[in-house]
Amino acid sequence: MCQKFFLYDGEWNQVLSFLLASASLRPALLAPSTNASRILHLLYYAKDGLGMFKDYCEIIAEYGDNSQPIDLSLLKGKESWEKKLQELWADIDSWWEKAPKFKMSFVPITHIWQHWIKKGQLIENLITTIRNDKIEELKKVCEKVNFLSDEKAVLKEVQRLEKIIFLIQVNKE
């Protein structure tokens with residue numbers, strides 16, 4: 001659509017690019033479903049010194065490509081951030097209190113869940129790191145989240161734990 005305007009390196013192209021950017025930046029952030037980010041990807045800046053503006057437009061465009069509108073409450077200042085953070089901590093604490101009581105319809109999975117929330121195990125380590133605000137362990141948290149995002153790896157871990165839990169129960173009897 002817009003590419004036909006950018007065939008020549010001229011002043012008109014620069015003006016058009018600025019107009020399109022000014023019309024597209026806000027919708028790309030606040031209403032990504034408008035596909036305003038597509039316009040930002042097409043902008044053309046031939047003049048020196050506009051590289052940073054082009055980079056800025058690309059960053060906003062990439063954000064808009066994710067189709068997730070920006071949360072305006074995050075822009076309201078430090079107090080709003082702190083309030084949101086306190087709410088998040090409260091939600092985490094509330095969830096963690098309930099976690100040991102979670103029951104799954106398939107009993108062996110409940111046993112695996114109970115294992116994962118024990119001290120030093122997968123879920124407990126993840127939640128403790130977040131609850132204690134251990135920013136230095138962020139890399140470990142990311143690795144655990146990536147692990148939990150891999151369905152095959154989780155299934156393999158569940159199968160491994162199933163065998164261990166079965167052996168423990170057999171030895172108790």
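I started with H4, which has 21 residues and reaches 30 Å from its first C-alpha to its last, close to the 30 Å expected at 1.5 Å a residue. The expected span is 1.5 Å times one less than the number of residues. Helices here are DSSP runs of H or I, at least four residues, numbered from the N terminus.

I noted the ground rules next. This is a predicted model, where local features need pLDDT of at least 70, side-chain atom pairs count only at pLDDT 80 or more, and totals for chains, interfaces and linings use all residues. Residues are numbered from 1 along each chain as its sequence is written, and side-chain values use heavy atoms, with hydrogens and water left out.

I looked up which residues of H4 are buried: Ser-80, Ile-92 and Trp-96. Buried means under 20% relative accessible area, exposed over 50%, and partly exposed in between, with a 1.4 Å probe and protein chains only. Seen down the axis of H4, the buried residues fall within an arc of 140°, so they line one face. The arc is taken from the directions from the helix axis to the C-beta atoms. An α-helix has 3.6 residues a turn, so residues three or four places apart point the same way.

I then checked the face turned away from the buried side. It carries exposed Glu-79, Lys-83, Gln-86 and Glu-97. The buried residues of H4 pack against helix H6 (122–131). Contact means heavy atoms within 4.5 Å.

**Loop H1–H2**

I went to the loop between H1 (11–30) and H2 (36–42), where Asn-35 sits. Its phi is near 60°, positive in a residue other than glycine. Most residues other than glycine have a negative phi. Asn-35 is partly exposed, at 42% relative accessible area.

Pro-32 is in the loop between H1 and H2 as well. Pro-32 counts as buried because its relative accessibility is 4%. I listed its contacts, leaving aside neighbours within four places in sequence: Pro-27, Gly-64, Ser-67, Gln-68 and Pro-69. Pro-32 and Gln-68 are 36 residues apart in sequence, yet 6.6 Å apart C-alpha to C-alpha.

**Loop H3–H4**

I followed Ser-67 to the loop between H3 (51–65) and H4 (78–98). Ser-67 is not a glycine, but its phi is positive, about 60°. Ser-67 counts as exposed, at 52% relative accessibility.

**Rings**

I found six aromatic pairs in the structure. Rings of Phe, Tyr and Trp (its six-membered ring) pair if their centres lie within 6.5 Å. Ring pairs link Trp-95, Trp-96, Phe-102 and Trp-113 into a cluster. Trp-96 is also one of the buried residues of H4.

Technical notes
Helix = DSSP H or I, 4+ residues; strand = E, 2+ residues; numbered from the N terminus. Phe/Tyr/Trp six-rings, centres within 6.5 Å; stacked < 30°, edge-to-face > 60°.
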